[in-house]
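Here is a short briefing on one protein model. Look over the sequence and the structure before reading on.

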Amino acid sequence: MPRLCYRMKGFGYSLLRHSSSFTCSNAIPVVTRASCHLHGVFTDSYPCYQSSLPGHIQQHRRCMSTALRQHIQDLTGPEQRVLNKLYEGLIGGQRASLAESITLVETQHPRKKELAQVLLQRVLAYRREQEGRNGGRPMAFRVGLSGPPGAGKSSFIEVVGKMLTGQGHKVSVLAVDPSSCTTGGSLMGDKTRMTELSRDMDAFIRPSPTSGTLGGVTRTTNEAIVLCEGAGYDIVLVETVGVGQSEFAVADMVDMFVLLIPPAGGDELQGIKRGIIERADLVVVTKSDGDLVVPARRIQAEYTSALKLLRKQSKSWNPKVVRASSHTFEGILEVWAKMESYRDAMLASGELQGRRRAQQKVWMWSLIQENVLLHFQNHPSVRDALPHLEERVTKGAISPGLAADLLLKAFSSSSSSI
C-alpha cells in the first residue's frame with residue numbers, strides 16, 4: 001500500500017503541475033498537497049489561484065476537472081513536449097499546428113484521444129482568457145452552411161471567404177464530405193473547388209469525412225471549431241454534406257445557420273415542410289444569375305411566405321431570404337450584411353451567448369450516447385450473446401425487439417454485478 005500511495009502521489013503532483021498550464025498566464029498558481037487515500041482516489045488536491053487580472057483582484061479556487069483527474073494518466077516527457085509544441089504553434093496561428101491538432105482530435109486511438117482532451121482544455125482556457133479581455137463577447141463568429149447537393153455551397157463559401165479575407169478577417173472552413181457506406185472512403189473534393197481560397201494565407205480549409213456520423217457533420221466538428229478559434233480565426237464556416245429536411249446537426253454547434261437552396265429546387269410546399277427550414281436563420285437562394293434569375297425570385301418569394309408560417313426561434317431576429325450569385329457576385333455583400341446584422345442583434349440581446357451554452361450541453365449528451373453505445377457493443381456479455389441472437393433474428397425465430405431486450409438485460413445485469 002505505501003508503494004501504491006507513493007505512485008499515486010507522484011501522479012497527483014504531475015497532474016497538478018500540468019493543470020496549472022490550463023489557466024491563463026495572468027494567474028499565479030498555489031498548489032495544495034495531494035492526498036492519497038486507501039481506495040487510491042484523490043481528495044483535497046484542488047489548486048488555488050490568485051487572480052491578477054486588472055480590476056479583478058480577488059482570490060478564488062479553481063478545481064481541477066474531475067474528468068481529467070480520472071481520465072488522464074500521467075503524461076510522458078515526449079507527450080508533454082508534443083502537446084506543448086502543438087499548443088504554442090496553435091495559439092501562434094501556425095496552420096500546420098492547427099492541422100495536426102485537428103488530426104489529433106479526430107483520431108480513434110484511445111491514448112491519443114486522451115491527449116486531445118488535454119490539448120482542448122488548454123485551448124478552452126486560452127479562449128476564456130481572450131473572451132474575458134473582450135468583455136465576455138465571443139472572439140469568433142460561427143456560421144453553418146447547409147443545403148441539398150448541387151446548391152453551390154463550396155462556390156459560395158469561396159466567394160464569401162475571399163471577400164472576408166480581403167476585409168482583414170481570418171477565415172477557417174471546416175468542410176464535411178460524405179463517406180461511402182460501401183467502402184468507407186470519402187472523396188474530400190470540397191477543397192479542390194476552393195482553389196483561390198485554399199491559396200489565401202488568411203484562410204484555412206479542412207475537409208473531413210463523416211465516417212458514418214449522421215446529421216451532416218462529424219463527431220469532432222465541434223472540437224475542431226474550438227481549435228480554429230484558438231488559432232485566431234475570427235470567422236468559422238462549417239459546410240455540411242448535402243442534407244435533407246431533417247439533417248441539421250450543424251445548427252447545434254454554430255451561432256448562425258444558413259440554408260442554401262438552388263432555384264427550381266421544389267415548389268412552395270418544400271419550403272413549408274417542417275425540418276431544416278425552421279432551423280434556418282438565413283435562407284440564400286443561390287445561382288441567381290442568367291436564366292435562373294426569374295426562378296430564383298419566385299423561390300425567394302415562396303420561402304419568404306413559408307417562413308411566416310413557422311414559429312420564431314429568436315426574439316431578436318426574424319429569418320430573411322436573399323438571393324446571391326457566386327458567378328456574378330451579386331448579392332454577396334447583402335448576404336454578409338445580413339449575417340453581421342444577425343450577429344449584432346444576438347450579441348446585444350445575449351441570445352448568442354445563451355445559445356452557445358445550450359449547445360455545449362447538447363454535444364455533451366451526444367458524445368455520451370455515442371460512447372455508451374460503443375461501451376455496450378464492446379461489453380463481454382453482449383459480445384458473447386450477440387452472434388447467437390443475430391442468427392436467431394435473421395432466421396426469424398425471434399423479433400429484433402426481443403433480441404435487443406435480451407442484450408440490454410445481459411448488459412445491465414452483468415454491469416450491476418460488478
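How many helices and strands does the protein have? The protein has 15 helices and twelve strands. Helices (H or I, at least four residues) and strands (E, at least two) are DSSP runs, numbered from the N terminus. This is a predicted model, in which local features need pLDDT of at least 70, side-chain atom pairs count only at pLDDT 80 or more, and totals for chains, interfaces and linings use all residues. Residues are numbered from 1 along each chain as its sequence is written, and side-chain values use heavy atoms, with hydrogens and water left out.

**Whole protein**
- The protein has 418 residues, and 45% of them count as buried (under 20% relative accessible area, with a 1.4 Å probe and protein chains only).
- Take the contacts (heavy atoms within 4.5 Å) between residues at least 6 apart in sequence: 72% join residues at least 24 apart.

**Strands β7 and β8**
- Strand β7 (residues 171–177) pairs with β8 in the parallel sense, over seven bridges. Strands pair if DSSP finds at least two bridges between them.
- Val171 has Ala203 in β8 as its bridge partner.
- Strand β8 (residues 203–209) is largely enclosed by the rest of the structure, because six of its seven residues are buried.

**Helices α3 and α5**
- The axes of α3 (residues 77–91) and α5 (residues 110–133) come within 11 Å and cross at roughly 40°. Axes are lines fitted to C-alpha atoms over the stretch in contact, and angles run from 0 to 180 degrees between N-to-C directions.
- Residues of α3, including Leu83 and Tyr87, meet residues of α5, including Leu115 and Tyr126.

Methods. Buried means under 20% relative accessible area, exposed over 50%, partly exposed in between (1.4 Å probe, protein chains only).
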